[in-house]
Amino acid sequence: MNIKSVRGMQDLLPAQKRIFRLIEDVARDVLGGYGYQEIGLPQLEQTQLFKRSVGENTDIVEKEMYTFDDRNGESLTLRPEGTAGCVRFAEENGLLFNQVQRLFYSGAMFRYERPQKGRYRQFEQIGAECFGMAGPDIDAELLLMNARIWRRLGLDADITLELNSLGDAESRMRYASELVSYLQTYAAELDDDSRRRLDSNPMRILDSKVEKTQEILRDAPLLSEFVDDESRAHFDELCQLLTDLGLAFRINTSIVRGLDYYNRTVFEWVTDSLGAQGTVCAGGRYDGLVEQLGGRPTPGVGFAMGLDRLALMKAQQEEESPAAHVYVVSQPGSTRSAALQVAEDLRDEMPGCTVLVHCGAGKFKAQMKKADASGAELALILGEDEVAAGTVSVKSLRRDGSQEQIQKESLGTWCRAYFDKEKNVG
Ligand code: HAM
C-alpha cells in the first residue's frame, strides 16, 4: 500500500502546526479587541451560492471549485472562500436587517489551483466581514486591525498595503467596455487566457503576468478615470484617514481582485519574502452582494488572510532566530525529580518559554548533545552537587559556552534577563 496525500493538500508537521496556532491566537486576540465575534460556517455550500457571488466567469468558479452531486443529486461545493458563506449565514440567521455586525471565521478553503510554494488546494484563512457600515471609517479600521496583527506577529516590516478603488458597478461596466474596445485592436497579440477573457471577464486581463500583454496594457485606459464621484470621495476619505493615523499604503491601480463581488475599496497586503505568492491578506467592499443574494441592500466590507502564507513567513523568520528555549539535563533517579521541579517553576515564571526536560536515561555528554541539537539556547544542568547546594548550572549553548551556578530561586529572573538581552542584541 502506497497511499500518498492528495496533491496540493498539506500535512502540517508539529513545528508548522504550532506556527499556524500562534497566528490564529494572535489574530483572534486582536479581532476580539475590535469587537469581532467568531462564527462557525459549514465547509460545504450549495454550488449556486458561489456562482452567484464570486461570479460565473471568474477563475475560481470556472475551473477551481471542488463541486460534486451528493446522494440526493444536489450540487454542492467545498467552499473556495468565506465571504459568500458568511453573507448567506448572516442573512439566514437574521443578523443583517437594521443591524451592524463585525464577524469573523476561520478554517479550510479549497481551490483546484496549480500547487506551488504558498499556493495549495486546501488552505487556511481567517476572514472578517462587517455588515451595515457604508463609510470609509470601517475600511480604515479593518486595515488598522490588519496592521496590528502583523505587528503582533513581528511581520510588519515585511508586509505592505496596496489599495485601489473599483468604483460602483456602473463605472466598472463603462470601464470594462472601454478596455475591451482598446484591447480588441491587439487581440491577435494577447495571450490565450487574456483573449478568452475579452468576452467573459475583461478586467482580469489587467492581472495577466504575460509580458507582451502587460506591454499592451501600458497604454490602456485606466480604471481610476472611470470611478464615479461618490466612490472617489469614499476613497479619498479613506486615504486621508490612513494618512492621519500613520498607516502607510501605496495606491496600486492594477488591483482588480479575482472575485466579482467587489466595489469601491479593494486592498492587498503583500510581501516580497515569499516569491510569486506574495499576497498574505486581501479584501475590500462588497456593497451589492447581500442584495444580489436575495437580501435587503446592506453594505459589506471584509478581508481574509492566508494562514499558510503567513506561516511560511513566520517560519522563515524563526529559522533566522530560533525560539528561546531551554533544555534540562539530569540523571534518572535522585536528580530527575529536581529537574522536573525546576522546569515546572520556570514555566510558571516564563510562560512563553519552551522548557524541554531530557527524559529517559543517557550519559551526561549524550544529553548535552541532545540539548545542542534541540536548538535550545541554554542547558540547565542538575547533578548531585547542584541539587545538594540548591543551585542549577546554566550553560550557554549559542553564545560562548560559558557556565554559571545560579541559585534555584533566582533562575527565573536570571533567564528572563538573559533572553531580554538576547532580544535586544538581535
Ligand atoms: P482571496 O484573495 O481569494 O480573497 O484570498 C484571500 C487570501 O487567502 C489570499 O490573499 C491568500 O493569502 C490566501 N489564499 C488564497 N488562495 C490560496 C491558495 N490557493 N493557497 C494558499 N493561500 C491562498 C478571498 O478569499 C475573499 N473572500 C476575501 C474577502 C473577505 N473579501 C472580503 N471579505
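User: What makes strand β5 (residues 101-110) count as largely enclosed by the rest of the structure?

Analyst: In this predicted model, eight of the 10 residues of strand β5 are buried, so the strand is largely enclosed by the rest of the structure. Buried here means under 20% relative accessible area, whereas exposed means over 50% and partly exposed lies in between, with a 1.4 Å probe and protein chains only. Strands (E, at least two residues) and helices (H or I, at least four) are DSSP runs numbered from the N terminus.

User: Which strands pair with β5, and in which sense, parallel or antiparallel?

Analyst: Two strands pair if DSSP finds at least two bridges between them. Strand β1 (residues 37-38) and β5 have two bridges and pair in the parallel sense, with Glu38 standing opposite Phe104 in β5. Strand β6 (residues 122-131) is joined to β5 by 10 bridges and runs antiparallel to it; there, Leu103 has Glu129 in β6 as its bridge partner.

User: Why is Asp59 called buried?

Analyst: Asp59 has a relative accessible area of 15%, which is under the 20% limit, and therefore Asp59 is classed as buried. Asp59 belongs to helix α3 (residues 59-64). Leaving aside residues up to four places away in sequence, Asp59 touches Glu64, Arg197 and Arg204, where a contact means heavy atoms within 4.5 Å.

User: How do you know what share of the chain is buried, and how far apart in sequence its contacts reach?

Analyst: By the burial cut-off already given, buried residues make up 50% of the 426 residues in the chain. Of the contacts between residues at least 6 apart in sequence, 69% join residues at least 24 apart. The chain holds 15 helices and 16 strands, and its C-alpha trace spans about 85 × 60 × 50 Å along its principal axes.

User: What are the domains of the chain, and what separates their centres?

Analyst: The chain is divided into domain 1 (14-168 + 228-315) and domain 2 (326-417), with bounds that come from an automatic or database domain assignment. Taken over C-alpha atoms, the centres of domain 1 and domain 2 are separated by 45 Å.

User: Which conventions lie behind these values?

Analyst: Residues are numbered from 1 along each chain as its sequence is written, and side-chain values use heavy atoms, with hydrogens and water left out. Because the model is predicted, local features need pLDDT of at least 70 and side-chain atom pairs count only at pLDDT 80 or more, while totals for chains, interfaces and linings use all residues.
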